[in-house]
Amino acid sequence: MKPTKEIVVAKNLSAGYKEKLIWSKANFSVKPGEFIGLLGPNGAGKTTLFLMLLGLIKPVSGQIKIMGKVPSQGNPKIGYIPQRRLQDSESRLVALEYVRLAASGTAWGFSLPKKTVLERQQALEVLKRVDGLDLADRPLSELSGGEIQRVFLAQALVSKPDLLLLDEPLANMDLRRSTELIRLIHTIAKEDQIGVILIAHDINPLLPVIDRIIYIANGHVATGKLDAIVNGETLSKLYNAPIEVLKDSKGRVAVLGVEEAVHHA
Amino acid sequence: MLKTSLMANSFSWNLWRDLHEMLQYSFMRNAFMAGTIIAIVAGIVGYFVVIRRLSFAAHALSHVGFAGAAGAVLAGISPIWGLLVFTSGGGLAMAALGKKAAARDVQIGTVLAFMLGLGVLFISLYKGYATEAYSILFGEVLGVSSGDVVLTLVVAILIIVAVAILYRRLIFASLDEDVAEAKGVSMLGMSIAFMLLIAVATSIAVQVVGILLIFALMVTPAATAQRLARSPSEGILISILIALLSTWIGLFISFFIPYPVSFFIVSIVFLIYLVTRLIQTLMIKRSMTVSNNLA
């Protein structure tokens, strides 16, 4: 067995500007095959953390390392699904082309015929892994929300990453489809020992697979196991406002009071 | 001028004979050569304009070019130089302000109107013929000289080589901005390169369709292609094909019917766009009734 070296290590990390921090003192790590839920209210700075990992913005203070190195733009070892991208409803470009681009789009010039065949094969293989072989020749603009996310997942996987950063892939999806997609991501991440950080609005679809949580709210960042973070006491401290966490018999979670806390902050 | 001499040409149903007659005139040969080169360039660059959703910015850039062209005429130099300088400057400014700036239609519209006004001033200061202004605004491909054809060809080759070098990065940055940026494609770099491409392509396309009708070659063929293409390379091919076909047919008709070439070209691309939309709508309706019947 290969030693479980951390993929991401963050120490005392702060984001924002010198005058105004978005959040500060984040300490967390991600190990191969680990599934991390990144939670918090809108505007808390979840995407900011992703941009930092992608090397697109620099931390104000503290340290962040990916595979032992400072993040830099264009790291092929990171697969990234940004938040909802605009789809041109008039465009008929097929899903396969988008997956191909993620593998070849950073090259100069154009692909010669031989290379094109290879790229197509590579794209089809990844689509197969996400149960999306039947989506390859369909226009992206005609796919459903869940199908589009599977294509985006294939796109993120095509460079064989060690780390997946998924920004709200479950937006606009019902619970059943969300659960299916999460299972798929989890299976692939376990097989390939990929560390996953997934931003979600609702924690419930993540419950069966989640290893740990990073919770950003009110400028603070808390990290730990689900039960250690998502409870009334910890969240109330984080938001500096009364938050209640309810659990039902099946283990489903409801967090109450966040709206009010965010509005008053 | 040219127009009156054209009245004499009569159309016969022998297309071979008609073509032969038409190509006897050197101004028609020049027009065909320039038109062909420009249609290819506009088809290629236009596809990127459409997938980057920059059609209004491209339109505005051509109006910035009008001020430049009119200024050049006033200064007694060829309008193409004024066009190149002004559109490139405008393009660089838009790229520097960021892609979001290029999508701000009110601001762009304001600058566009000012530039048009500036062009009007230059034209009125110019004591020569009003036909200069007319040909800048609506194109005058029948007045293209062999020197213009050579210049157009050189510029076109430069554009095509640039697109070929940038091709994959430009497609990636246009279709999938956030992922491309995360993968290390510089958005500012692509934006600057592309704005310069539009600027130069617009400058030469003005000869055929003029500033006001730049959409005819830079946007409409590509917009039609976008509705049909399943891959970017297919999109570019269809876009070139429509632009070429419209230019050729437009030139051919205008030889026998003495109305402006740009009117015919604009009408043909518009017709192709309409027919494509109509057929697609009908097909969607049909597939819906089929699936309803199956259900």
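Are B:R168 and A:E119, taken as a pair, buried or exposed? Both B:R168 and A:E119 are buried, where buried denotes a relative accessible area under 20%, exposed one over 50%, and partly exposed a value in between (1.4 Å probe, protein chains only). The model is predicted, so that local features are reported only at pLDDT of at least 70 and side-chain atom pairs only at pLDDT 80 or more, whereas totals for chains, interfaces and linings use all residues. Residues are numbered from 1 along each chain as its sequence is written, chains are lettered from A and ligands numbered from 1 in the order in which they are written, and side-chain values use heavy atoms, with hydrogens and water left out.

The interface between the two chains was examined next. Contact, defined as heavy atoms within 4.5 Å, involves 36 residues of chain A and 30 residues of chain B. The buried area, which is the accessible area (1.4 Å probe) that two parts lose on being put together, summed over both, comes to about 2,900 Å² for chain A and chain B, with 53% of it on carbon and sulfur atoms. On the side of chain A, the residues that lose the most area to chain B are A:E90, A:L93 and A:W108, which together account for 21% of what that side buries.

Polar contacts also cross this interface. A polar contact is a pair of N or O atoms within 3.5 Å; within protein, one atom must be able to donate a hydrogen and the other to accept it, and residues adjacent in sequence count only if both atoms are side-chain atoms. By this rule, 14 residue pairs are in polar contact across the interface of chain A and chain B, both members being at pLDDT 80 or more. Secondary-structure elements are DSSP runs numbered from the N terminus, with helices (H or I) of at least four residues and strands (E) of at least two. In chain A, β5 (78–81), α2 (95–104) and α3 (113–129) each supply at least two residues of the side that touches chain B, and α2(A) gives the most to that side, with five residues. The side of chain A that touches chain B divides into 15 nonpolar, twelve polar and nine charged residues, with Ala, Val, Leu, Ile, Met, Phe, Trp, Tyr, Cys and Pro counted as nonpolar, Asp, Glu, Lys and Arg as charged, and the others, Gly among them, as polar.

Side chains of opposite charge can pair when their charged atoms come close. With a salt bridge taken as a side-chain nitrogen of Lys or Arg within 4 Å of a carboxyl oxygen of Asp or Glu, the whole structure holds 15 salt bridges over all chains, and the count between chain A and chain B is three. One of these is formed by the side chains of B:R227 and A:E90, at 3.0 Å from N to O. In the salt bridge between B:R168 and A:E119, the closest N and O atoms are 3.6 Å apart; B:R168 lies in helix α9 (residues 146–175) of chain B and A:E119 in helix α3 of chain A, so the pair joins two chains.

Within chain A, A:E191 and A:R129 form a salt bridge whose closest N and O atoms are 2.7 Å apart. This pair links distant parts of the chain, since A:E191 belongs to helix α5 (residues 175–192) and A:R129 to helix α3, 62 residues apart. A:E191 is exposed, with a relative accessible area of 55%, and A:R129 is partly exposed, at 33%. A further salt bridge joins A:E180 to A:R176, with the closest N and O atoms 3.1 Å apart; both residues lie in helix α5 of chain A, four residues apart, about one turn of the helix. Salt bridges that share partners join A:E97, A:R100, A:K115, A:E119 and B:R168 into one network.

Chain B comprises 15 helices and zero strands. Buried residues make up 52% of the 295 residues in chain B.

A:N12 lies in strand β1 (residues 8–16), whereas A:N172 lies in the loop between β6 (163–167) and α5.
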